[in-house]
Amino acid sequence: MNNKPNDLGYDFQAHWNNAYRKTPTESLGWYEKDPIPSMDLIALCDLPKDAVIFNAGAGSSTLINKLLFKGYTNIIVNDIASASLREMRRDLVIPNDADVKFVVDDLTNPNELNALKHVDLWHDRAVLHFFTEKQGQQRYFQLIDSSVRVGGFVILAEFNLEGAKKCCGLDVVNYNSKSLQSGLGENFKLLKEFNYTYLQPSGNTRAYVYTLFQKVQ
């Protein structure tokens, strides 16, 4: 794990570890029993089953089990909170022919992730919008660009412009497809976008924008 201080001087690793330790997974505000929007976008990518799929800030995501059930065999799971990955690992059913790697690292101040290359699909649901400092945002977008191969895909699903301004006690940055395109830069082409209302376990709703990009150069 990268121990360099973050841009805000705040211990985000401790924050997220505490969040996962204090609250049952299925009660977390971002818990998604069935990640239908993500799976629909992944299906559009028409990836081979051995494609390198990177899940950024996976947390309590059920997406990994869904991907394994669909036959995908080469998955890298990341989070800054080791507590979340331990819990996910416990619940995963990993076939013998599948390889799932777990990487605890800070996406805005990466260490181990700097070596990440040849990614076919980068998936981010509700991660980027927590990076409120420009420098951290830039480092994250640079990491995507250096990691994803030409022809590869990027799914970014963040709170949209009408969405919540805080989550889990933290400020967030709201996005639309134009601002996400600006962050990724001209190497990426927007293929699809849509707004989506997510129903939290509490019964409250959160407004997201889902986007699918392809790296074209």
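Author: Two strands count as paired if DSSP finds at least two bridges between them. This model is predicted. In it, strand β1 (residues 53–56) and strand β2 (residues 74–79) pair in the parallel sense, over three bridges.

Reader: Which residue of β2 stands opposite Asn55?

Author: Val77 stands opposite Asn55 there. Strand β1 also pairs with strand β4 (residues 119–125). Those two run parallel and are joined by four bridges. In β4, Asn55 has His123 as its bridge partner.

Reader: What unit do β1, α3 and β2 make?

Author: They make a β-α-β unit, and it is right-handed.

Reader: Are the side chains of Ile53, Asn55, Phe54 and Ala56 in β1 buried or exposed?

Author: Look at each face of the strand in turn. On one side of β1, Ile53 and Asn55 are buried. On the other, Phe54 and Ala56 are buried as well.

Reader: Now the rings. How many aromatic pairs does a search of the whole structure find?

Author: The search finds 13. Take Tyr20 and Trp30. Their centres are 5.8 Å apart and their planes stand at 75 degrees, an edge-to-face pair. The pair links distant parts of the chain, 10 residues apart. Tyr20 is in helix α1 (residues 12–22), while Trp30 is in the loop between α1 and α2 (36–45). Tyr20 and Trp30 are both buried.

Reader: Why is the pair of Phe131 and Tyr140 edge-to-face?

Author: Read the angle between the planes; over 60 degrees counts as edge-to-face. For Phe131 and Tyr140 the planes are at 70 degrees and the centres 5.3 Å apart, so the pair qualifies. Phe131 is buried because its relative accessible area is 15%. Tyr140 is buried too, at 0%.

Reader: Which residues form one aromatic cluster?

Author: Phe159, Phe194, Tyr196, Tyr198, Tyr208 and Tyr210 do.

Reader: Where does the charged end of Lys49 sit?

Author: Over the ring of Tyr72, at 4.3 Å from the centre.

Reader: Next, charge against charge. How many salt bridges does a search of the whole structure find?

Author: Start with the general idea. Side chains of opposite charge can pair when their charged atoms come close. The search here finds eight salt bridges. In one of them, the side chains of Lys66 and Asp34 meet at 3.8 Å, N to O. That bridge links distant parts of the chain, 32 residues apart: Lys66 belongs to helix α3 (residues 63–69), Asp34 to the loop between α1 and α2. Lys66 counts as partly exposed because its relative accessibility is 31%. Asp34 is partly exposed at 38%.

Reader: How many residues apart in helix α4 are Glu87 and Arg90?

Author: Three, so about one helical turn separates them in α4 (residues 82–91). Glu87 forms a salt bridge with Arg90, with the closest N and O atoms 4.0 Å apart. Glu87 is partly exposed at 21% relative accessible area. Arg90 is exposed, since its relative accessibility is 61%. A network of salt bridges links Glu87, Arg90 and Asp91.

Reader: Which residue forms a salt bridge with Lys101?

Author: Asp99 does, and the closest N and O atoms are 2.6 Å apart. Lys101 is partly exposed at 41%. Asp99 is partly exposed at 33%.

Note on methods: Residues are numbered from 1 along each chain as its sequence is written. This is a predicted model: local features need pLDDT of at least 70, side-chain atom pairs count only at pLDDT 80 or more; totals for chains, interfaces and linings use all residues. Side-chain values use heavy atoms; hydrogens and water are left out. Rings of Phe, Tyr and Trp (its six-membered ring) pair if their centres lie within 6.5 Å; planes under 30 degrees apart count as stacked, over 60 as edge-to-face and the rest as tilted. Buried means under 20% relative accessible area, exposed over 50%, partly exposed in between (1.4 Å probe, protein chains only). A charge sits over a ring if NZ of Lys or CZ of Arg is within 6 Å of the ring centre and within 35 degrees of the ring normal. A crossover is right-handed if, with the strands pointing away from the viewer, the path from the first strand over the helix to the second runs clockwise.
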